[in-house]
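Morning, everyone. I have one structure to walk through today. Here it is on the screen.

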Amino acid sequence: MYGLIRPLLFRMDPERAHGFGLWSARWGGGLLARLTGGAPVAGHEVEVAGLRFPNPVGLAAGFDKNGVALPFWRGVGFGFLEIGTVTPRPQPGNPKPRMWRFPEHDALGNKLGFPNEGAAAVAKRVAKSRRDSDVIGINLGKNKDTPNDRAADDYVAALEATRNVADYWVVNVSSPNTPGLRELQSRAYLTDLLGQVKHAAQGKPLFVKLSPDLDDAGLCDAAGSCQDAGCDGVIATNTTLQRPDGVTFEGGLSGAPLAERSRDVLTKLRALLDDKKPIISVGGIGSAEEVRARLDAGASLVQIYSALVFEGPRLVRKILRGL
Ligand SMILES: Cc1cc2nc3c(=O)[nH]c(=O)nc-3n(C[C@H](O)[C@H](O)[C@H](O)COP(=O)(O)O)c2cc1C
């Protein structure tokens, strides 16, 4: 079915097409999801950070920022969902246009800048549609106008507002689209930030999401901060400022061109982190073979964003059947 709809979607402006897809997922719900893919795929349960996941393939942050389509994602077969990035106060994000697609590279570009309805509104919506068996992560950010030396207050406030709906939280310090945000990955900020948020998490798992553009020293520092602060694991990676030849736009690139760097960062982090700290690998994943490669390289879970846009929601079951 997606094969028929895709040419229409790809004729639309990327952000409009995304909005239309999400609207369909919201109102079509579980019924629409079942039309996309047949029976659930069992036999891939995993336990990570004390949580039981029905399978290791999750929806990456940013696709459903406001948590509008949980029954659809559940029906599509995802083992877990990451909602957000949410900020404590609602914000509109950057001016449009702010999303691009590059089909010849299976890549997307965005400089959205965390448009979202605010943590409390998202929590209220998620509370209505989540089930006990769902595994839901809430990805936390700071508002654009909050300075870095007060960033921890924003992350903690967004965590508090989503306390009752999150199974785990993610401190997102790696979006390239909020000015200065990635500076929070430096040791000077990160250990203290993660320590404060971990304290607020009251024992629930906390992950930190890192950039693929960190160099070896930066990865080493971030891994050290994660360990020192008692953070439970790492999500690697967010979008990159690197570009394939001929691709120009302002913001973060995702999809196939990110795969190699994302794999590389996974391998480096696996060597840096304590064996018990799980890594969620994300970036350019679009096949069962790639998922297998990430799990073999030491990831405990994976997430997908861009490949869903190019392949459609059936991809999730196709991957699970191929694992
Ligand atoms: C349009 C768009 C919006 C995104 N928004 C967020 C976000 O709000 N928070 C976040 O942590 N990552 C966000 N991401 C990054 C993805 O979660 C993921 O880390 C990245 O796209 C790499 O995965 P992929 O190659 O499968 O797309 C966004 C990505 C895209 C393409």
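This is a predicted model: local features need pLDDT of at least 70, side-chain atom pairs count only at pLDDT 80 or more; totals for chains, interfaces and linings use all residues.

Let's start at the ligand. There are 27 residues around it, and Ala60, Gly62, Ser254, Tyr305 and Ser306 come nearest. By class, we have 12 nonpolar, 13 polar and two charged residues.

Now the sheet. The strand order is β5-β6-β11, in an open sheet with antiparallel pairing. β5 (99–102) and β11 are the edge strands, and each has a single partner, so one side of each is left without a neighbour in the sheet. Ignoring direction, neighbouring strands are turned by 20 degrees against each other on average. Four bridges link β5 and β6.

On to the backbone. Most residues other than glycine have a negative phi, and most peptide bonds are trans. So which peptide bonds are cis here? One runs from lysine 96 to proline 97, with omega near 0 degrees. Proline 97 sits in the loop between β4 (80–86) and β5. Another runs from alanine 236 to threonine 237, with omega near 15 degrees. Threonine 237 belongs to the loop between β10 (233–236) and β11.

Then positive phi. Alanine 49 has a phi near 50 degrees, in the loop between β1 (46–48) and β2 (51–53). Aspartate 106 has a positive phi of about 50 degrees, in the loop between β5 and β6.

Definitions and conventions
Residues are numbered from 1 along each chain as its sequence is written. A residue is near a molecule or strand if its C-beta atom, placed from the backbone, lies within 6 Å of it. Ala, Val, Leu, Ile, Met, Phe, Trp, Tyr, Cys and Pro count as nonpolar, Asp, Glu, Lys and Arg as charged, and the others, Gly among them, as polar. Two strands pair if DSSP finds at least two bridges between them. Helices (H or I, at least four residues) and strands (E, at least two) are DSSP runs, numbered from the N terminus. Axes are lines fitted to C-alpha atoms, for helices over the stretch in contact, and angles run from 0 to 180 degrees between N-to-C directions.
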